[in-house]
Amino acid sequence: MAGHSKWANIKRQKAVVDAKKGKTFTQLSRAIIVAARNGIPDPAGNFQLRTAIEKAKVAGIPNDNIERAIAKGAGTFSDNSTLEEIRYEGYGPGGVAILIEALTDNRNRTAADLRVAFSKNGGNLGETGCVSWMFDQKGVCVVQGVVDEDQLLEASLEGGAESYEMTEEETAEVFTEVANLEILNQTLKEQGFKVTEVELRWIPSNNIEVTEPDQARSLLKLIDTLESLDDVQNVTSNFDMSEQLLTVSMA
C-alpha cells in the first residue's frame, strides 16, 4: 500500500481553496451534470450523482445551482451545450506521467489549451494510452476518527476492500474495486465509521522520484496550469517528492 496516497497528500498540501473557489464550483457542477446524464437524475438511485451532490454541498454550492445541474444532466434544462468526458495523457518534466480528466463542450479548444500548458512548462501532450497503462483506477473511501485500526480492518474486509492506509493520525483511506465502491461506503457507515469523502482515483503502479529543484518547480507549475483550465476536472501524476522540496518549490 505504500505510495497509494502520495499524490493525494501532495494535492492536499498544494490546495489553495480560496483562490480556486470559482473553479471548484465549475468542476463540481459539471460532475453533477455528467452523473445525472450517465444514470437516473435521482440521487437515491444514482451513487455517482449522490456523491457529486455531497461534494458540492460541502463546498458550499447553493441548492439552486445543484438542482439546475441535475436538470441539465437529465435534459430538462438546456443551455445549448453538451459536455463530454475525455481523458488526456502526457509527460511532464523528467518523464513524469500525467493523466488529465476533462469535461468539455469543445474538445478542440481543450486539446489546444492542454498542448500549450504542456509545451510552456517542459512537458508534452501524448497520444491516448501513452501513460494510462501505468495507472489503475480504484474506489477510495476516506475515513476520519479511526481509533481502532483492527475494527477498521474488519469492516473494510466485510465491505470488500482490497487494502487500506493510515494517512494521518485517525485518518485512513480504504481502497476497493470501482464497482464495489458503493458497497464499501455503505458497509463502513453501517459499522459506525465517518466516511468524509468517496471518490474514484487513479493509482500509479510506479513512482518517479523528483529531486532536482528546477524540475520540481516546472512540474508543479505545469500541474497548477493544467488544474486552472476550466475544462479540467482532475489531474493525477506518478511523481514522488520530499515534503521539503515540495515546500521550497511552491514558495
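Predicted model: local features only at pLDDT ≥ 70, side-chain atom pairs only at ≥ 80, totals over all residues.
User: Hi! Let's start with Val143. Which strand is it found in?

Analyst: Val143 sits in strand E4, which covers residues 135-144.

User: And is Val143 buried or exposed?

Analyst: Buried, because its relative accessibility is 0% and the cut-off for buried is under 20%.

User: What does Val143 touch, leaving out residues up to four places away in sequence?

Analyst: Its contacts include Ala172, Val174, Leu188 and Phe193. Glu170, Thr171, Lys194 and Val195 are also touched by Val143.

User: Switching to Glu199, why does it count as buried?

Analyst: Glu199 has 17% relative accessibility, so it counts as buried. Glu199 belongs to strand E7 (residues 194-204).

User: Which side chain does the Glu199 side chain make a polar contact with?

Analyst: That of Arg201, at 2.7 Å. Beyond its neighbours within four places in sequence, Glu199 is in contact with residues including Lys55, Lys138 and Leu181.

User: Now the open sheet of four strands: what's the order?

Analyst: The order is E3-E1-E2-E9, with antiparallel pairing. Strand E3 (124-125) and strand E9 (232-237) are the edge strands, each pairing on one side only.

User: How many bridges join E1 and E2?

Analyst: Eight, in the antiparallel sense. Arg87 stands opposite Glu101 in E2.

User: Which strands does helix H5 touch when it packs on the sheet?

Analyst: Helix H5 (residues 107-120) touches E1, E2, E3 and E9, and its direction makes about 20° with that of E1. Helix H8 (residues 213-228) packs on the sheet too, touching E2 and E9.

Technical notes. Residues numbered from 1 in each chain as written. Heavy atoms only, no water. Helix = DSSP H or I, 4+ residues; strand = E, 2+ residues; numbered from the N terminus. Buried < 20%, exposed > 50% of the residue type's maximum accessible area, 1.4 Å probe, protein only. Contact = heavy atoms within 4.5 Å. Polar contact = N/O pair within 3.5 Å; in protein donor to acceptor, adjacent residues only side chain to side chain. Pairing = 2+ DSSP bridges. Axes fitted to C-alpha atoms, helices over the stretch in contact; angles between N-to-C directions.
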